[in-house]
Amino acid sequence: MKILLLGGGGREHALAWKIAASPLTTKLWCAPGNAGIANEAECVPVDLTDHAAVIALARKLGVDFVVVGPDNPLVAGIVDDLEAAGLRTFGPTKAAARLEGSKGFTKDLCRRYGIPTAAYERFSDAASAKAYLKVKGAPIVVKADGLALGKGVVVAQSVDDAEAAIDTMFGGAFGASGDEVVIEEFLSGEEVSFFALCDGETAIPLASAQDHKRAFDSDKGPNTGGMGAYSPVPAFTDDLARQAMSDFVLPTVRAMKEMGCPFKGILYLGLMLTAQGPKLIEYNVRFGDPECQVLMLRLISDLVPALIASRDGQLKNFDLRWYDEAALTVVMATQGYPGSYGKGSVIRGLDAAGAMEGVEIFHAGTKAKDGAITANGGRVLNVCGTGKTVAEAQRCAYAAVEKIDWPEGFCRRDIGYLAIGREASKP
Ligand code: AMP
């Protein structure tokens, strides 16, 4: 089977690594890919916003199956366009991707179908949003309705901060994504990600993961795309996993089918484990980055038939097997990220680090230049370790980080600390 994978980050490197390992894969291309993905797939340049160009490329290559990694092309309807062109594609349609593309859509669905989430209201003008705010007080959460590169959520500790966020969003800072705003109740608890694979009719559980959004140790500093992750999450018990399926995933799949936009693809639940039980913070409609990297390391089964079964509506009676071992990934980023940063610095020591027992290195923003690997983005590498416990996986990953010689890079030193604290306090 000839497969085309779309994307070029750490998530897609992990997907390429797993897809390339499938006996069903005869040839894998990745567009646009990166320097690490080039070890698993033939990388071909393409602009993912140009759907006609992606279709032309898939036709020229004669691919049998297309896998879409990132959110933007999904929300823009790339699956609809590829399928309309006769190309079998893994991922949700544009209408189904509203679960990520519109926070208001998801909140209304939760309300209608009794899915636990923070109390909220939707607004399309600043004055009524501010009036609601005055009644509710702080802390409170202000969200731009649409995709905003992870920057459209403000957890406001004061009414002044919330008002400023409302003005920024309606002021056009996020373009059309801020035409509508959701204001919701502040939830406290531990955040966990849970993933399920859906086929429009039904769904199967994948696994739990926890990511670290802040740039610096002890969850300090600005928000980022994610500085590390691990799986499984000890706090996320088997009972919670069953509850995530019965109270969140399956009602959502049923709701989407009833609404005429069946959901196929990865459903990613951002959950807050509150004192009243788990509540939905958000849905995403694709694998997380860097959560995907740790999930792929824990997956025993072949990924390709699962993706095909999702596309074909055949997940009923399907099952996936997972290693019990933990996997943990440390993101190495260019100094300055998530603010401005330079490009082109040389990274050495990757081969020695990657050859260590239990270690896998997935590339995000890298470029091959004159036989060297250079940094070509903010988040650059995912250094992954595995082990019997999260603590062991952490030791393994940081031992590999030590072997990487890249003075222009930095990473957090405490990825996995919540789980490791829990493991240490176990009798
Ligand atoms: P989102 O883009 O919806 O995932 O939000 C980004 C981050 O904002 C989440 O990972 C949470 O840490 C935080 N957040 C979002 N909604 C809430 C909420 N209702 N209460 C507390 N924190 C929230």
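This is a predicted model: local features need pLDDT of at least 70, side-chain atom pairs count only at pLDDT 80 or more; totals for chains, interfaces and linings use all residues.
**Sheet**

I looked up the strand order first. The sheet is open and has five strands, in the order β3-β2-β1-β4-β5, and the pairing is parallel. I then checked the edges. β3 (42–43) and β5 (89–90) each have a single partner strand, so one side of each has no neighbour in the sheet.

I went on to the pairing of β1 with β4. Strand β1 covers residues 2–7 and strand β4 covers residues 65–68; the two run parallel and are joined by four bridges. Within this pair I found Leu-4 opposite Val-66 of β4.

Next I asked which strands helix α2 touches. Helix α2 (residues 51–61) packs on the sheet and touches β1 and β2 (27–32). Its direction makes about 155 degrees with that of β1. I also looked at helix α11 (residues 303–312), which lies across β1, β4 and β5. I noted an angle of about 95 degrees between helix α11 and β4.

**Ligand site**

I listed the residues around the ligand. There are 13, and those that come nearest are Glu-184, Glu-185, Leu-187, Glu-191 and Glu-282. By class, I noted seven nonpolar and six charged residues in the shell, with no polar ones. I then traced the shell to its strands: β7 (140–144), β8 (153–156), β9 (181–185) and β16 (277–284) each supply at least two of its residues.

An N or O atom in the side chain of Lys-143 is 3.0 Å from a nitrogen atom of the ligand. For Glu-185 I found a polar backbone atom 2.9 Å from a ligand nitrogen atom. For Glu-282 the atom is in the side chain, and this polar atom lies 2.7 Å from an oxygen atom of the ligand. How much of the ligand does the protein bury? Taken alone, the ligand exposes 470 Å², and the protein buries 84% of that.

**Backbone geometry**

The bond from Ala-138 to Pro-139 is cis, with omega near -5 degrees. I placed Pro-139 in the loop between α7 (126–136) and β7. The bond from Ser-231 to Pro-232 is also cis, with omega near -5 degrees. Pro-232 is in the loop that runs between β14 (228–231) and α9 (238–258).

Last, I looked at phi. Asp-219 is not a glycine, yet its phi is positive, about 55 degrees. I found Asp-219 in the loop between β12 (214–216) and β13 (220–223).

Methods: Residues are numbered from 1 along each chain as its sequence is written. Side-chain values use heavy atoms; hydrogens and water are left out. Two strands pair if DSSP finds at least two bridges between them. Contact means heavy atoms within 4.5 Å. Axes are lines fitted to C-alpha atoms, for helices over the stretch in contact, and angles run from 0 to 180 degrees between N-to-C directions. A residue is near a molecule or strand if one of its heavy atoms lies within 4 Å of it. A polar contact is a pair of N or O atoms within 3.5 Å; within protein, one must be able to donate a hydrogen and the other to accept it, and residues adjacent in sequence count only if both atoms are side-chain atoms. Accessible areas come from the Shrake-Rupley method with a 1.4 Å probe; for residues, only the protein chains shown count as cover. Ala, Val, Leu, Ile, Met, Phe, Trp, Tyr, Cys and Pro count as nonpolar, Asp, Glu, Lys and Arg as charged, and the others, Gly among them, as polar.
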